[in-house]
Amino acid sequence: MTFSDNDMRTLARYVAEELRANQIVQQPMMTMKEKRSRRLDIGQAAEYMNRSRSTIDRWRKSKPEFKVLEHIDGTSTYFLTNELDEYLNQ
């Protein structure tokens, strides 16, 4: 089955109207780099690494190689997922 250009435009308008009517909003796709470098707070980092929050706090105080993974943005401390992955794979 083939569609004419007019049929395709009509179909596209119909789909767009249906999406608007149902308020379906698609999230923009994240690139692989964005997925790898997501920012996590300390609790999220603990969950991401499958460790307890107290373990992360202990590592922050006692392991210089882990301490350098901390990023401070004003008063918030966060970690990047790609750096946590590299640390875990050492």
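Visitor: Which residues are linked in a network of salt bridges?
Guide: In this predicted model, the network links Arg53, Asp57, Arg60, Lys67 and Glu70.

Visitor: What does Arg60 pair with? Start with helix H4.
Guide: Asp57 is one partner, with an N to O distance of 3.4 Å. Both residues sit in helix H4 (residues 53-62), and because they are three residues apart, about one helical turn separates them.

Visitor: And how does Glu70 meet Arg60?
Guide: Through another salt bridge, at 2.8 Å from N to O. That pair links distant parts of the chain: Arg60 is in helix H4, while Glu70 is in the loop between helix H5 (64-67) and S2, 10 residues apart.

Visitor: Is Glu70 buried or exposed?
Guide: Glu70 counts as buried, because its relative accessibility is 11% and the cut-off for buried is under 20%. Arg60 is partly exposed at 21%, and Asp57 is partly exposed at 23%.

Visitor: Different topic. How many salt bridges are there in the whole structure?
Guide: A search of the whole structure gives five.

Visitor: What does Asp73 form a salt bridge with?
Guide: Arg39, with the closest N and O atoms 3.1 Å apart. The two are 34 residues apart in the chain: Asp73 belongs to strand S2 (residues 71-73) and Arg39 to strand S1 (residues 39-40).

Note on methods
Residues are numbered from 1 along each chain as its sequence is written. This is a predicted model: local features need pLDDT of at least 70, side-chain atom pairs count only at pLDDT 80 or more; totals for chains, interfaces and linings use all residues. Side-chain values use heavy atoms; hydrogens and water are left out. A salt bridge is a side-chain nitrogen of Lys or Arg within 4 Å of a carboxyl oxygen of Asp or Glu. Helices (H or I, at least four residues) and strands (E, at least two) are DSSP runs, numbered from the N terminus. Buried means under 20% relative accessible area, exposed over 50%, partly exposed in between (1.4 Å probe, protein chains only).
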